[in-house]
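Subject: Structure handover

Hello,

Here is the structure I promised to pass on. Please open it and keep it beside you while you read.

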Amino acid sequence: MRIADIQSHIDHELVSKQQIEDLIQRTATRISGDYQGKNLMMVAVLKGAFNTLAALSQAVTIPVQIEFMSISSYPGRKTTVSEGDIEIRMDLGCDVRGRHILIVEDIIDSGYTLHWLVNMLRSRGAASVEVFALLDKKVRHEVEVEVKYPGYVIPDEFVVGFGLDYDERYRNLDSIAVLKSDEYLDQEQNQNQGKHS
């Protein structure tokens, strides 16, 4: 799906399809060199990072193992990054001990979930844990995470596309765009009205 298909829902495009492809290719070249002969495992958290993982894994020139996790975080509890704040809905189906792991992220927001995930994989005995993030909302960071392969730094706007959704829609947009505010504000107001009726 392209911007033109949903133009009435979009305020403006933030990162084009070409910019995404260029970043993925540059990053894949670096990763292919860095992990030559190292039996790399790429890990993505569903559902948002699926598109990024698919594109990146196809662009590298080395064999990789692909794994997924499904995680729920509780943003109301931000004083710690303990396992009590994170619910693993679907865990990795393999042992990571001694493995070189690259976490493939769609976007870094507060940084809490990513920080927890890096530490969790290290505690399980991974030989190394690094991060590639397609997008980074640096202004929203509350916990800093080292990102070996950085992507685009974006402003604090409501973005969709390339795996990022609003209410499970727009994940299949082939670029990153800012959603018109009335798209989500109207729905939030309707939900709030329903709660009080």
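This is a predicted model: local features need pLDDT of at least 70, side-chain atom pairs count only at pLDDT 80 or more; totals for chains, interfaces and linings use all residues.

**The six-strand sheet**

Start with the open sheet of 6 strands. Its order is E4-E3-E2-E5-E6-E7, and the pairing is mixed. Which strands stand at the edges? They are E4 (86-90) and E7 (152-153). Each has a single partner strand, so one side of each is left without a neighbour in the sheet.

Now look at the E4 end. Strand E3 covers residues 65-73 and pairs with E4 over 4 bridges. The sense is antiparallel. To find one of these places, go to Ser73: its bridge partner in E4 is Ile86.

**Helices on that sheet**

Helix H2 (residues 50-59) packs on the sheet. It touches E2 (40-46), E3, E5 (100-108) and E6 (128-136). The direction of H2 makes about 130 degrees with that of E5.

Helix H3 takes in residues 112-123. It lies across E2, E3, E4, E5 and E6. H3 runs at about 170 degrees to E5.

**The three-strand sheet**

There is also an open sheet of 3 strands, in the order E1-E9-E8. Here the pairing is antiparallel. E1 and E8 are the edge strands, and each pairs on one side only.

Take the E1 side. Strand E1 (residues 10-15) is joined to E9 (residues 176-179) by 4 bridges. Ile10 has Leu179 of E9 as its bridge partner. Further along, Glu13 stands opposite Ala177 in E9.

Then take the E8 side. Strand E8 (residues 159-160) is joined to E9 by 2 bridges, again running antiparallel. The bridge partner of Val159 in E9 is Val178.

**Helix H1**

H1 has 18 residues, 17-34. How far apart should its ends be? At 1.5 Å a residue, the helix should span 26 Å. Its end C-alpha atoms are 26 Å apart, which agrees.

Next, check which residues of H1 are hidden. Ile20, Leu23, Ile24, Thr27, Ala28, Ile31 and Ser32 are buried. Look down the axis of H1: the buried residues fall within an arc of 160 degrees, so they line one face of the helix. On the other side of H1, Thr29 and Gly33 are exposed.

Is Met90 buried or partly exposed? Its relative accessible area is 36%, so Met90 is partly exposed. Leaving out residues up to four places away in sequence, Met90 touches Leu46, Phe68, Met69 and Ser70. Take Met69 from that list. Met69 and Met90 are 21 residues apart in sequence, yet 5.3 Å apart in space, C-alpha to C-alpha.

The next stop is Lys137, in the loop between E6 and E7. Its relative accessible area is 8%, so Lys137 is buried. What does Lys137 touch, not counting residues up to four places away in sequence? The list is Ile107, Ile108, Asp109, Ile154, Pro155, Asp156 and Glu157. Zoom in on Glu157. Its backbone oxygen lies 2.8 Å from a polar atom of the Lys137 side chain.

Best wishes

How values were computed
Residues are numbered from 1 along each chain as its sequence is written. Side-chain values use heavy atoms; hydrogens and water are left out. Two strands pair if DSSP finds at least two bridges between them. Contact means heavy atoms within 4.5 Å. Axes are lines fitted to C-alpha atoms, for helices over the stretch in contact, and angles run from 0 to 180 degrees between N-to-C directions. The expected span of a helix is 1.5 Å times one less than its number of residues. Buried means under 20% relative accessible area, exposed over 50%, partly exposed in between (1.4 Å probe, protein chains only). The arc is that of the directions from the helix axis to the C-beta atoms. A polar contact is a pair of N or O atoms within 3.5 Å; within protein, one must be able to donate a hydrogen and the other to accept it, and residues adjacent in sequence count only if both atoms are side-chain atoms.
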